Every structure is written in C-alpha cells, then in structure tokens.
Amino acid sequence: MSANSADLPPQLEVVLVKAGRTKIRYTGELLTDDGTRVAVRAPWAGSGVRDFGFVRFEPGDVFTEYYWRDRWYAVKEVRSATGALKGWYCDVTRPARRSGPELVVEDLDLDLWRSADGTDVRRLDEDEFAASGLGESDPEAASAALAALDELESLARGDGFTALLA
C-alpha cells in the first residue's frame with residue numbers, strides 16, 4: 001500500500017515514548033504502510049547539532065525511518081542535506097502502534113549504529129538499558145529487546161539492511 005492511497009494521510013505524527021513519557025514528537029511524510037511495516041521520511045527533528053563522535057546529526061539531515069508492528073526495533077537511514085548516506089541509526093523499541101495519523105513507538109534505551117560503509121557497527125546505551133530496570137520489571141520485554149539488538153547487529157555486520165529495508 002503506498003502513501004498515495006486514499007485511506008492514508010500524507011503525513012504521520014511520530015511519537016517516541018520513553019519511560020512512559022513523550023520524548024519527542026514530530027511530523028513525517030508517510031511513505032508506505034503495508035500493515036506490518038511503516039516507512040516515514042522526516043527531517044532531523046532534534047534542535048541544532050547532535051555530535052555523537054562517530055556521526056553528527058544536524059539541520060538538513062533527512063531520516064527515512066522504518067517501523068514494524070511485529071519487530072522490536074526501528075531502523076533509520078540517515079542522509080545529509082546533500083543526500084550523502086551517513087549510515088543507519090537503529091532503536092530497540094516495542095513493536096510500533098499506529099492509530100490514525102499517529103505512530104507511537106516505545107524506546108527501550110538500546111541503540112545500534114552502522115556507518116554508510118559498514119566498517120563501524122556499534123552497540124549503544126547498554127548502560128542506560130541496564131539502569132532502566134526493565135530486566136526486573138518486565139523480563140520478557142528485556143529479553144526481546146536484547147534479542148532485537150543481537151539481530152540488528154547481525155544484520156548490520158552483513159548486508160542484511162538491504163533486504164530488510166527493500
């Protein structure tokens with residue numbers, strides 16, 4: 001199903017929730033929603049520049065974001081304002097939920113980065129995940145989150161993103 005279908009709005013409000021609170025909310029262009037995977041394109045929604053040391057997110061960057069209703073992660077392709085691929089930023093999340101023009105995604109602290117050339121694959125925020133207490137409060141979700149991070153890393157170290165995002 002494409003975003004041009006009459007039953008889909010051309011825009012979607014993405015709501016990222018963390019620890020029960022809205023972390024960020026932004027509007028993106030709905031590209032597709034096939035009932036399982038939702039794809040959205042949006043400009044960098046942060047304020048100013050965010051320099052991670054291994055990548056900089058800055059005004060003008062464009063994110064093509066892929067969310068699944070049946071997977072515990074989201075994959076975001078990051079391009080500069082000139083269209084150059086920077087890489088993929090992946091969030092470990094609970095499966096996405098869509099209600100009309102809103103897509104709600106619960107961030108579970110774990111992240112993964114893969115550079116455009118594939119030489120830099122790094123797991124991020126494992127300390128935040130451990131400190132979140134999810135392992136004690138919801139052991140099944142914690143297990144699913146760790147399995148999702150392992151799957152993302154495996155995909156990132158091979159050429160798995162090509163098939164995943166096709």
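Which residues does G48 touch, not counting residues up to four places away in sequence? In this predicted model, G48 touches F57, E58 and P59 under that condition.

- G48 is located in the loop that joins β3 (37-43) to β4 (50-51).
- Its relative accessible area is 38%, so G48 is partly exposed, a class that lies between the limits of 20% and 50%.
- One of the contacts of G48 is F57, a residue that is itself buried, with a relative accessible area of 3%.
- From G48 to E106 the C-alpha to C-alpha distance is 24 Å, and the two residues are 58 residues apart in sequence.

**The largest pocket**

- The largest pocket holds about 560 Å³ of space.
- Its lining consists of 29 residues, and those nearest the centre of the pocket are L16, K23, W44, R50 and Y89.
- Two or more lining residues come from each of β1 (11-18), β2 (21-33), β6 (62-68), β7 (73-79), β8 (85-93) and β10 (102-115).
- Strand β10 supplies the largest share of this lining, with four residues.
- Sorted by class, the lining of the largest pocket comprises 16 nonpolar, eleven charged and two polar residues.

**The second largest pocket**

- The volume of the second largest pocket is about 150 Å³.
- The residues that line the second largest pocket are K18, A19, E106, D107, L108, D109, S132 and L134.
- Here, too, β10 gives the largest share of the lining, four residues.
- By class, the lining of the second largest pocket has four charged, three nonpolar and one polar residue.

**Aromatic pairs**

- A pair of aromatic rings is described by the distance of the centres and the angle of the planes.
- The model contains eleven aromatic pairs, counted with ring centres within 6.5 Å.
- In the pair of F57 and F63, the ring centres are 5.1 Å apart and the planes stand at 80°; the pair is therefore edge-to-face, as the angle is over 60 degrees.
- Both partners are buried: F57 has a relative accessible area of 3%, and F63 has a relative accessibility of 6%.
- The rings of W88 and F161 also form an edge-to-face pair, because their planes are at 65°, with the centres 5.6 Å apart.
- This second pair connects distant parts of the chain, since W88 belongs to strand β8 and F161 to helix α4 (residues 160-165), 73 residues apart.
- W88 and F161 are both buried.
- Ring pairs also join W44, F52, F54, F57, F63, Y89 and W113 into a cluster. Two members of this cluster, W44 and Y89, are among the residues nearest the centre of the largest pocket.

**Positive phi values**

- Most residues other than glycine have a negative phi.
- A19, which is not a glycine, has a positive phi near 55°.
- A19 sits in the loop between β1 and β2 and is one of the residues lining the second largest pocket.
- With a relative accessible area of 71%, A19 is exposed, because this value is over 50%.
- D125 likewise has a positive phi, of about 65°, without being a glycine.
- The loop between β11 (121-124) and α1 (126-132) contains D125.
- The relative accessibility of D125 is 25%, so D125 counts as partly exposed.

Conventions:
Residues numbered from 1 in each chain as written. Predicted model: local features only at pLDDT ≥ 70, side-chain atom pairs only at ≥ 80, totals over all residues. Heavy atoms only, no water. 1 Å grid on protein atoms, 1.4 Å probe; cavity = no way out; pocket = protein on both sides within 12 Å on 5 of 7 lines; lining within 4 Å. Points joined across faces, edges and corners; volume = space filled by probe spheres on them. Nonpolar A, V, L, I, M, F, W, Y, C, P; charged D, E, K, R; others polar. Phe/Tyr/Trp six-rings, centres within 6.5 Å; stacked < 30°, edge-to-face > 60°. Buried < 20%, exposed > 50% of the residue type's maximum accessible area, 1.4 Å probe, protein only. Contact = heavy atoms within 4.5 Å.
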